[in-house]
Amino acid sequence: MFTDIARRYDLLNRVITFGRDQTWRRALVQQAAPGPGDRILDVGAGTGDLALTCIRQAPDASVIAVDFTAAMLVQGKARTRDLPVRWVRADALHLPFASRTFDRALSGFLLRNVDDLDRALSEQLRVLRRAGRILSLDTTRPTRGPLAWLIRTYFRMAVPILGWALSGHFSAYRYLASSTEAHLTAEELAVRLTSAGFGDCGFRRLMLGSVAIHWGTKRFA
């Protein structure tokens, strides 16, 4: 599915989020607060939007971008050809890095797509150094209220139609709605981060509660 939509992935992200996805990525990197010389892992990097944001906000950091889909890596490498971003094809459930390697583990729209959430969190915990931080940006089920129905309707009906119109793939963007509804609530994901071994966990909602940034800190060596 991600192979099929790789060439139009960035365009669809901009359209579906009304151009706000870039703002959310900047907010995530600001929350991560990487310092000079920090090693940053971008898990499920897609076409490199988050990696690019990291380099722009922390030009002295070292960024490794990981994705499972070869077509996404092709797009990402082309976008970051002249930038210090290293690309690696790998599974988020089996990261090919030594333990205690990175200062930050970041992801954008990854966690609701993995087959085993606990394993994905465990792998990111493993490769982080002590006091390293995990940060995730993803869609989430909105809280109940008068806008919740409107948001669900947008994801279920408008997003697949937009996806079909701009990429020719209706089912891929219907999956966005189904994966969001099947994903944990923001509160539940914060609990899972704590259970995985992260401390100081928290989150903040964006886009009328339909998107959230989560964070946590590795507590032990």
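Reply: Start with a definition: helices (H or I, at least four residues) and strands (E, at least two) are DSSP runs, numbered from the N terminus. This is a predicted model, where local features need pLDDT of at least 70 and side-chain atom pairs count only at pLDDT 80 or more, while totals for chains, interfaces and linings use all residues. Residues are numbered from 1 along each chain as its sequence is written, and side-chain values use heavy atoms, with hydrogens and water left out.

Me: How many helices and strands does the protein chain have?
Reply: Both kinds of element occur in the protein chain. The count is nine helices and seven strands.

Me: What share of the residues in the protein chain is buried?
Reply: Buried means under 20% relative accessible area, exposed over 50%, and partly exposed in between (1.4 Å probe, protein chains only). The protein chain has 221 residues. Of these, the buried share is 55%.

Me: How many salt bridges does the structure hold?
Reply: Side chains of opposite charge can pair when their charged atoms come close. A salt bridge is a side-chain nitrogen of Lys or Arg within 4 Å of a carboxyl oxygen of Asp or Glu. The structure holds nine.

Me: In which helix do glutamate 123 and arginine 126 both lie?
Reply: Their side chains meet in a salt bridge, 2.8 Å from N to O. Glutamate 123 is buried at 7% relative accessibility, and arginine 126 is partly exposed at 25%. The two are three residues apart, about one turn of the helix, and that helix is H6.

Me: Is arginine 25 buried or exposed?
Reply: Arginine 25 and aspartate 21 form a salt bridge of 2.7 Å, N to O. Both lie in helix H3 (residues 21-32), four residues apart. Aspartate 21 has 0% relative accessibility and counts as buried. Arginine 25 has a relative accessible area of 4%, so the word is buried.

Me: Which residues are linked with Asp21 and Arg25 in a network of salt bridges?
Reply: The network has Asp21 and Arg25 as members.

Me: How many residues apart in sequence are the parts tied together by arginine 112 and aspartate 138?
Reply: The side chains of arginine 112 and aspartate 138 meet in a salt bridge of 2.8 Å, N to O. Arginine 112 lies in the loop between strand E4 (102-108) and helix H6 (117-127), and aspartate 138 lies in strand E5 (residues 128-139), so the pair ties together parts that are 26 residues apart. Both residues are buried. The value asked for is 26 residues.

Me: In what order do the seven strands form the sheet?
Reply: Strands of a sheet pair through backbone hydrogen bonds, either parallel or antiparallel. Here two strands pair if DSSP finds at least two bridges between them. The sheet is open and its pairing is mixed. The order is E3-E2-E1-E4-E5-E7-E6.

Me: Which strands stand at the edges?
Reply: Each edge strand has a single partner strand, so one side of each is left without a neighbour in the sheet. They are strand E3 (85-89) and strand E6 (198-206).

Me: Which residue is the bridge partner of serine 136 in E7?
Reply: E5 and strand E7 (residues 211-218) pair in the antiparallel sense over seven bridges. Leucine 135 stands opposite tryptophan 215 in E7. The partner of serine 136 is histidine 214.

Me: How many residues of E7 are buried?
Reply: In a regular strand the side chains alternate between the two faces of the sheet. Both faces of E7 are covered, with Val211 and Trp215 among the buried residues on one side and Ala212 and His214 among those on the other. E7 is largely enclosed by the rest of the structure, because its buried count is eight of eight.

Me: Which residue in the turn between E6 and E7 has a positive phi?
Reply: E6 and E7 pair in the antiparallel sense over seven bridges. They form a hairpin with four residues between them. The phi is about 50 degrees, and the residue is methionine 207.

Me: How many disulfides does a search of the whole structure find?
Reply: A disulfide is a pair of cysteine sulfur atoms within 2.5 Å. Cysteine 54 is buried at 1% relative accessibility, while cysteine 201 is partly exposed at 27%. The number of disulfides found is zero.
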